[in-house]
Every structure is written in structure tokens, then in C-alpha cells.
Amino acid sequence: PYRRQTPPAYRITPRQPSPQGGGEGFVQRTMGYGAAGDMPSASTLVPERSPRAGTSFLFTVGAILGDVIGAGILTMVVAVANLGWLLGAVTLAGVIVANAHVAHVLWRVYMRFPEARTLSELLELCFADASEFKRNTAVHVLGSTQSLALYPMLGLLVLTMGKSLGMLFNHLHFCLPTWTVMAAAVLLFLQTWAGPKLGNYSALVYVNCASIVATILIPLVHMVYLGPEASRGPGSIVAPIAPDLNIAGVLSSLSSILFATTGQIIQVEIMAEMRDPEDFPDAYVGLALPFMLGVFLLVGLMGYYYRGSSAMGMLMDNMPFGGAFRVASALLFLHMAVTYLIKGTIGCRALYRRRREMLSEGEASGLPNVQPKAIARTISGPFAPPERATWAAVVGGVLAAAVFTSQMIPFFSDLVDLLGATLLPLTCWVGPIAMYMQIGGCSHRRDRWLAAAEWLMLVSYLGVAFVVMVFGTYTTLLRVVDNWSTYGGPFSCHCESMWSTCACSAYHSGME
């Protein structure tokens, strides 16, 4: 449905100044929505242009999976344990499908403004014709949350890499901050060498997908080998609805699931890099969505069956120290490294582009002027030595901020829940839905009942997002403060589940 011939009457016309003061920066509405008044399809929205170089369809599928199936999936066993297998499965599947819907909504907005390269640029284009108050609120509040959410997520990835190194070498008693700095040094070299183009990671995307599948299969196969009786802790139970179900557990599970399954934070960048952006729904719904449903449900339900209510921490925390544990830890390190390279490149590229723009505007006195066309060539072409140094400085600064963030809240599950409760609902759900409503997405459906149903679904997503943002954040912060008093504050050693000693890992599987 996305490849039919584009009618000449609906070609996108050149940009014109906005009579409401938006200036250059929006696409003319004169193209209309078709004779029936339906929401414009991809074929009516793609501007006339020659074929462009970009990432392939399979790379897009891999990038979506690599972004979504990351650190968050390692907490799905605990998320299901807080709810029970029936309520957990329904909640998990419902949130994944809702994310697919929001991703499709975001794609429809992007196809309205295909010149956007980032989520912030898309927000500016969508609200260009809005009132000044609405436009400023959208751009400054919703637009800034992409950066505010992306960089703490990088901190979580660095934290997980550091912890995976500690688990891999659990006989070496180095503290978590030391392992985290070592992981950051590896990332600094790799990201500086690769440069700012996402296409440079094409081969690694497929390695990334294979590594996360192996990372989650090793603990699950180990549990199957031991059997449920040996895998479950003393007094552990399995129930369709958790007997001790409470509000704090529900909010924690929702926060974890939202963190694990949302990916809209970088999806505009993925679309902008695609050779054929109109293929994004096929990539997401046709291939990525079934895979995500299968993998998340497999990890959550199977892990809960074998660990029951005694499930804790990351998935690997639920298997004993040993050879299989080390292999899973090494694969986790590889997966986190590739995921960081993809997400970190997007975050660093935004800062790098801004730096080059400042130079081109002459705001950095005493430095050579750089023209805007040179900026585009720098992003997509080879580096000159001065440009490489600038890129390395940006990468190093972002890594330093990520390491600092990771040690402020050095508890994997708590940091996952905090991110899933604070910034990600605002960025990944509220932002795309607000843009969709701003351009009249629901009102242009051909079927009014379908439009009403979609409107109700989007409003329900917003309700869930606001509940999690308010109450989920509160309960998570209480748990973080409690863990600080129990395990030590920021930048403490934090050897939990890394050192194979009773003093550090008394509650680790196999240490009972």
C-alpha cells in the first residue's frame, strides 16, 4: 500500500513563508488529503526527488531491533514476576503493540515533513503554524526531552557494559566504577574511529541482533537444563496474577516495560537515514514487531516460569556463576557496545553538527569559518584530521557525562525504571501523539468510527504515560534512596552480582 504511483496533483510543493509567522519551515497544505479527505498516505507525501543513498531495508529492521531489544529486555522477568504470568503477558503485549501504533503515528508525521532529520526538527516543523505559546512549549519542552532522555540512556548502557565486564571477570575484584571507565575507554576508541555516519555500523547491526538473542538464550537454556524445581528459590511461586500485587509493583513493571519497548527517541533519525523511508512501516510491523513480541514474551514468561517470584535484577543475575555466566556476560558486553555506538552516534552527531554550525556563523572567534555545505559533507563523508579531533572531543564529552550519570544511580533495575517513568513516556509517546494531533491526524481518517477509535486509543496512551510519569517516578525515587542507604551511594564500589563472593553476591542465584 505504500508503493502506489503518486498522483501528480498531490505532489509536495516547495516551502513557502508561513502567514502565521512560521517563516521558512513548513510544507504547503495545498496538496490536500485526497478526494475522500483521508489522512495522506506515504505515496502522497514523499516529495519528488531522485533516488538517494541511504540505509537498506534490512539495516532498518536491524536498527529498530537493536534499539528496542536492548538493556530493558533483561528486566522482563522481574516485570512479569511483579504482575503474574497472565497479567504480565497481557501488559507486555499491549505495550508493545501500543508502541508499534505510536511508531506508525510518528512515521505518518515524518512523511508529512520528510525534510526533518531529528525529532526536534520534526517538532519545529509540525508546530510552525501554531500559536507562539504552543510552538515554544512544544519545541522547548518536548524537543529538549530527546536529549535529556538520550544521554541518561547512554549512561545506562555504559553502566551495563561495566557490570558485564565485572561479571565476565568475576574473579577480579575491581569495583563497578573502574569497570565502567574501562568500558568507556573502549567506546571512545571505537566511536572516534567509526565517525558520525550510521551506515558505518551496518555489519555490526546484524552482530548486535545475534548477540542479544544469544545473551537471553543462554540463561534460559541453563534454567531449562536445571529444571523449575532447581531454578526457583525457596518459597518461590508462579501464579497468573501475583498474590502480592500492589501499586508500586505495577508501576515498576510499567516503567520497565516502557523503557524496554519504546524506540521513538531515535526513529526519526532512522527514517531520515533510510534509502526508502516509505518502507518503515513494513520494516517495523512486518518484521520487527513479530520478532519483538516473540522475544519479549519468551524472556518474560519463560524466565518467570523457571524463577517464579524469586526473580531479581538482570536476567543473568538469575543464573549461577560459571562458564555459561561468563559467555552470557561477554555477549552482553558486545550487545551494549553496539547499541551505545548507534545511540551515541546520534546524540554526538547532534552536538557535532551544532558545533560546526556555530563555526559557520562565526560564533567561535579565532577559528576558521566552515560553510554549511561542509557540515553535511563532514557528517556523511571522510574526516580531515581537525574534524576527527572535534568529533573525538564531542564523543569524549558525551562519554564522560554518561559515566557520571551511570554512577549517580549505579543500580541497573532502578535506573531502568527511573528512565522508563520520567523522560521516555514524554519523549516516545506524548511527543509523537502531540505532533499527530497538531497536524489533524485523526480528523482526516476516511472512516469517522476509525478516527474516533484511534483518538480514544491515543488518549489512553497519554493517560498511561502521565500516570507512570507522576507516580512511577515517585516510587522509583523512593527505592533508589533506599538502595543508596543499603548498598552505598553514588561512586561507591558496588560489587553486587559481580564478585563471586558471599559478601557481595549473597542473593545471586546459586549463592544461597
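Predicted model: local features only at pLDDT ≥ 70, side-chain atom pairs only at ≥ 80, totals over all residues.
Let me start with the cysteines. The count comes to 1 disulfide, and it is formed by Cys175 and Cys493, whose sulfur atoms sit 2.0 Å apart. This pair ties together distant parts of the chain, since Cys175 lies in the loop between helix 6 and helix 7, while Cys493 lies in the loop between helix 18 and helix 19, 318 residues apart. The angle about the S-S bond is -90°, and the link of Cys175 and Cys493 is accordingly left-handed. Cys175, at 24% relative accessibility, counts as partly exposed, and Cys493, at 25%, counts as partly exposed as well. Cys126, by contrast, is buried at 2%, and Cys428 is buried at 0%.

Turning now to helix 17, residues 423-438, we have 16 residues that reach 21 Å from the first C-alpha to the last, close to the 22 Å expected at 1.5 Å a residue. Because 13 of its 16 residues are buried, helix 17 is largely enclosed by the rest of the structure. After the helix comes Gly440, with a positive phi near 75°.

Finally, the surface. Trp85, Leu86, Val90, Val238 and Tyr305 together make a nonpolar patch of about 460 Å², and its largest share, 3 residues, comes from helix 4, residues 85-112. Tyr305 belongs to helix 12, residues 280-307, and is classed as partly exposed because its relative accessibility is 42%, which falls between the limits of 20% and 50%.

How values were computed:
Residues numbered from 1 in each chain as written. Heavy atoms only, no water. Patch = residues over 30% accessible without salt bridge, like charges linked within 9 Å, V, L, I, M, F, W, Y side chains within 5 Å. Areas by Shrake-Rupley, 256 points an atom, 1.4 Å probe, with all protein chains shown as cover. Salt bridge = Lys/Arg side-chain N within 4 Å of Asp/Glu carboxyl O. Helix = DSSP H or I, 4+ residues; strand = E, 2+ residues; numbered from the N terminus. Buried < 20%, exposed > 50% of the residue type's maximum accessible area, 1.4 Å probe, protein only. Expected span 1.5 Å × (residues − 1). Disulfide = S-S within 2.5 Å.
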